[in-house]
Amino acid sequence: MNIIWHDKTQQFHLYNDEISYIMVVQPNGEMGQLYFGGKIRDKEDFSYLLVRQMKSQVPADAPDETFSMELNRQEYPGFGSTDFGINAYETVYADGSRISNFRYSSHEIIYGKRKLEGLPATYASDDEAMSLIITLVDELTGLNLELSYTIFRDYPVIAKSVRFINKGEATVILNRALSACIDLPDQNYEWMQFSGAWARERFPVTRKIERGMISVESKRGISSSNQNPFVIVKRPNTDEFIGEAIGMSFVYSGNFIAAADADCYGKLRLAMGIHPDTFRWPLDSGDVFTAPEVVIAYSNDGLNGLSQSYHALYNNNLVRGKWKKTPRPILLNNWEATFMDFTQDSILKIASKAKEAGAELFVLDDGWFGARNDDYAGLGDWVENPAKLPGGMKELSEKINAMGLKFGFWIEPEMVNPDSDLYRAHPDWAFAVPGRIPALGRHQYVLDFSRDEVVDYIFDMLYRVIKDANISYIKWDMNRTLTDVYSNGVGPKLQGCVYHKYVLGVYKLYSRFIEAFPNILFESCSSGGSRFDAGLLYYAPQAWCSDNTDGADRVLIQYGTSYGYPISSIGAHVSAIPNQQTDRSVPIDFRANVACFGTFGYELDLNHISDEEFEMVKEQIAFMKENRELFQYGRFYRLISPFETDVNAWMVVSDDKKKAIVGLYSMRANVNSINGRIRLAGLDENNLYYIGSNAFYGDELMKVGLTVNPENTGDFTIEQDYKSCLVSLESK
Ligand code: GLA
């Protein structure tokens with residue numbers, strides 16, 4: 001890994017063993033992009049990659065009429081001068097003008113990586129990464145722009161972020177401040193996005209890139225289940241195992257835009273950042289604005305290669321604290337077992353059965369506080385309901401601990417029901433435009449987390465509950481999209497900051513909790529998976545993946561989620577049948593075989609299943625305890641897509657390649673077919689792997705494939721609906 005500055009040619013070359021990223025100070029002083037892709041040897045001069053041409057209708061940067069930004073590839077383009085693609089930023093100056101000329105001024109190369117103040121970001125020690133910070137200055141106004149790049153030693157990844165610093169006298173309005181832009185020299189790519197809705201999150205959608213713009217976005221105040229802030233462009237022939245792909249992942253949890261802009265000269269611009277439609281940020285003299293981080297990864301080993309880079313980077317350099325690289329506790333959550341209808345006694349019965357099955361953690365979900373007996377009341381009143389918890393959280397946690405289980409509970413700190421003491425006391429703490437009636441979502445309003453006093457108040461209330469009890473885990477939920485976003489805490493000039501400040505408020509509250517209770521495992525949730533993004537993984541290392549716990553649908557949801565997020569982050573539970581969302585009854589072994597490619601747990605009352613099923617649950621838990629490290633931190637491969645066939649196959653391989661587990665799932669019976677073979681991946685060609693008493697070499701399993709027959713895969717068949725199996729491979 002290195003970052004080289006070639007002073008004579010004014011070029012930067014960032015490289016590691018896998019990738020190169022080359023930039024130049026262009027003739028007009030702005031930063032240009034020369035190359036991003038597989039590693040190439042360093043050279044003093046790549047300026048042949050700059051385009052010097054005069055063309056009709058192409059304005060040139062005076063006085064050099066052979067240079068135009070439009071024909072060249074930009075690092076951080078604005079609009080109004082000679083670039084016409086999607087712009088990375090927009091400034092409005094005191095005189096009403098919008099044009100900036102950010103010219104190279106200086107740079108700094110450091111070992112490691114600087115923190116992003118108040119924002120989540122990847123981190124790295126001095127030997128894990130190097131960073132380049134380029135300062136550009138708009139001389140006329142004094143506005144400074146800092147472009148930061150980090151290259152990691154071990155991953156084909158560049159992390160980018162941006163800072164605006166107003167060193168001028170007058171206020172500047174930032175109407176747009178995206179985090180990253182990358183210009184590619186051709187358009188022979190397909191675009192992949194991860195789209196969905198509540199209960200069907202992150203399904204991959206692939207489209208051919210043609211002239212014009214493709215974009216996905218969220219303006220819901222959260223990253224959303226509708227579009228995820230992670231996109232890929234890949235060559236048309238790239239599949240899971242071969243070919244080039246570039247990913248962009250936004251380390252942020254609010255409104256975003258991700259776009260690909262294919263121009264008329266064959267260039268392709270990728271851009272990602274905070275959505276400009278809901279953003280207007282005044283920068284007074286001396287103010288700084290920091291745009292969140294985008295992590296850009298490159299793969300020449302197909303989509304699996306790309307996903308594996310994100311998985312490893314996020315496990316090692318994004319997730320922090322005690323839970324980093326730690327196998328996750330097997331939990332039982334009472335939500336689908338009781339909803340809000342429970343007493344301390346009924347909870348203890350469920351917990352005791354969970355303990356008998358081998359679970360390690362009991363989680364009390366919604367309904368324990370205030371007047372919360374249904375979802376019309378109580379949100380915001382974070383005080384235990386004595387009718388349900390007579391001795392409070394303290395007594396319940398002690399009773400559960402006495403069984404030998406750890407204990408955790410559910411909160412939804414960003415919300416308030418109109419029917420709550422909090423709302424009655426502070427109606428102005430909820431988002432609403434004075435004089436207008438705000439929209440409801442699940443009978444609740446959104447608290448104005450852009451205001452410190454609101455965040456502080458919620459912290460104090462919850463701190464009291466947490467500190468008195470012995471709490472190991474918190475599920476932090478967030479169950480509606482933002483509307484009527486108007487803060488009563490600031491005047492008109494700052495209303496354009498509120499969406500972003502809300503997200504900063506969420507991060508602030510997370511940080512305060514983590515600081516006060518560093519051992520608590522946080523799981524984020526937003527009506528299931530509506531806020532599954534890299535930003536939250538910095539605070540909560542796992543996220544409830546979907547409210548849809550149907551085994552068959554979970555295959556699709558978890559398959560799609562795995563493109564951008566590690567298995568250790570995917571909250572996955574076995575729930576009761578018929579499933580509450582789909583009414584489908586998928587066998588308990590299938591449900592468990594899907595959930596173990598995740599954090600694993602149960603979301604049902606184990607007192608209500610048959611003895612035979614209970615024995616299966618005990619075995620599932622014992623198996624997961626033995627193998628969770630491999631499932632959660634092994635190298636994960638997608639093998640056969642359930643979006644393309646009636647079968648799903650995926651696998652994990654240990655770092656030393658001695659162990660692997662393959663998951664096979666028949667989603668829908670293929671009548672009168674033969675079971676065939678599944679080609680495995682990631683094994684050591686020369687290792688002899690045992691499946692029971694059968695032995696196969698790695699090359700055999702990867703080239704010939706795993707034969708689906710009773711000896712290897714038990715009674716798994718693709719001739720039945722919802723059949724599944726896990727095949728364990730071990731090389732001695
Ligand atoms: C959301 C979550 C569920 C559950 C309920 C409780 O829907 O996604 O898992 O916690 O809220 O109200």
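**Figure 1. The shell of residues around the ligand.** In this predicted model, the shell around the ligand is made up of six charged, four nonpolar and three polar residues. Here Asp, Glu, Lys and Arg count as charged; Ala, Val, Leu, Ile, Met, Phe, Trp, Tyr, Cys and Pro count as nonpolar; and the others, Gly among them, count as polar. The ligand is surrounded by 13 residues, and the closest are D365, D366, R442, K475 and D547. Local features need pLDDT of at least 70, side-chain atom pairs count only at pLDDT 80 or more, and totals for chains, interfaces and linings use all residues. Residues are numbered from 1 along each chain as its sequence is written, and side-chain values use heavy atoms, with hydrogens and water left out.

**Figure 2. Atom pairs between protein and ligand.** A polar side-chain atom of D365 lies 2.7 Å from an oxygen atom of the ligand, and one of N479 lies 3.3 Å from an oxygen atom of the ligand. G528 places a backbone N or O atom 2.9 Å from an oxygen atom of the ligand. The ligand taken alone exposes 310 Å², of which the protein buries 95% (Shrake-Rupley method, 1.4 Å probe).

Figure 3. A helix is a DSSP run of H or I with at least four residues, numbered from the N terminus.

**Figure 4. Helix 7.** Buried residues of helix 7 include H500, Y502 and F513.

Notes
A residue is near a molecule or strand if one of its heavy atoms lies within 4 Å of it. A polar contact is a pair of N or O atoms within 3.5 Å; within protein, one must be able to donate a hydrogen and the other to accept it, and residues adjacent in sequence count only if both atoms are side-chain atoms. Buried means under 20% relative accessible area, exposed over 50%, partly exposed in between (1.4 Å probe, protein chains only). Helices (H or I, at least four residues) and strands (E, at least two) are DSSP runs, numbered from the N terminus.
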